[in-house]
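Subject: Structure handover

Hi,

Here is the structure I promised to pass on to you. Have a look at it first, and then read on for what I found.

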Amino acid sequence: MKRLNYICKINSKWQPNRQVTRAAKNINTGGIKMIVLVINSGSSSLKFQLRNMTEHTVMAQGNVEKIGLPMGIFTLKAGEEKYRQELQVENHEVAVELVLNGLVHTAAVGLNSLDDIDAIGHRIVQGGDSF
């Protein structure tokens, strides 16, 4: 089973370099609701999923494409609701703001605020000898 490094927020404290397995279905939350935002950021895109680890469901998913280009695309899907917007996305900071605002302000997602997110995971790629 492949292991990935994540920076996690656990019990309101950030825990760097935690080892978390990709097999999320094997995570036992002890019945406590745990919501995790998973992000995969590339050079011109940002993909995301908001997962309920207790119920093993995807609450929302989407992406921001063409970051840094004249016209980007933001998409979000939650349940049967789909949202798509074409707009300029200057950088990754703007992309993250779009994602977070979309998650909180889309009723179908089911978040009351960002405080409902218990952990954030980001895919990290090793750059070899160059990094």
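Two strands are taken to pair if DSSP finds at least two bridges between them. Helices (H or I, at least four residues) and strands (E, at least two) are DSSP runs, numbered from the N terminus. Please keep in mind that this is a predicted model: local features need pLDDT of at least 70, side-chain atom pairs count only at pLDDT 80 or more, and totals for chains, interfaces and linings use all residues. Residues are numbered from 1 along each chain as its sequence is written, and side-chain values use heavy atoms, with hydrogens and water left out.

**Overview**

Of its 131 residues, 30% count as buried (under 20% relative accessible area, with exposed meaning over 50% and partly exposed in between; 1.4 Å probe, protein chains only). Contact means heavy atoms within 4.5 Å. Among contacts between residues at least 6 apart in sequence, 37% join residues at least 24 apart.

Six strands form an open sheet in the order 7-6-5-4-3-8, and the pairing is mixed. At the edges are strand 7 (81-87) and strand 8 (119-122), each of which pairs on one side only. From one strand to the next, the twist averages 15 degrees; axes here are lines fitted to C-alpha atoms, for helices over the stretch in contact, and angles run from 0 to 180 degrees between N-to-C directions.

Which way do strand 3 and strand 4 run relative to each other, parallel or antiparallel? They are antiparallel, with seven bridges joining them, and a hairpin of three residues connects strand 3 to strand 4. Within this pair, V38 stands opposite Q49 in strand 4. Strand 5 (residues 57-65) and strand 6 (residues 72-78) also run antiparallel and are joined by five bridges; here Q61 faces K77 in strand 6. Strand 3 and strand 8, by contrast, run parallel with four bridges between them, and the bridge partner of V36 in strand 8 is A119.

**Helix 1**

Helix 1 (residues 92-105) lies across strand 3 (35-41), strand 4 (45-52), strand 5, strand 6 and strand 7, at about 30 degrees to strand 4. Its buried residues are A95, L98, V99, G102 and L103. They are on the same side of helix 1 because they cover an arc of only 125 degrees around the axis, the arc being that of the directions from the helix axis to the C-beta atoms. These buried residues pack against strand 3, strand 4, strand 5, strand 6 and strand 7, while E93 and H105 are exposed on the other side of helix 1.

At the start of helix 1, a side-chain oxygen of N91 comes to within 3.1 Å of the backbone nitrogen of E93. That is a polar contact, meaning a pair of N or O atoms within 3.5 Å; within protein, one must be able to donate a hydrogen and the other to accept it, and residues adjacent in sequence count only if both atoms are side-chain atoms.

T106 sits in the loop between helix 1 and strand 8 and counts as buried because its relative accessibility is 11%. A polar atom of the T106 side chain lies 2.6 Å from the backbone oxygen of G102. Leaving aside residues up to four places away in sequence, T106 touches L76 and E81.

Best wishes
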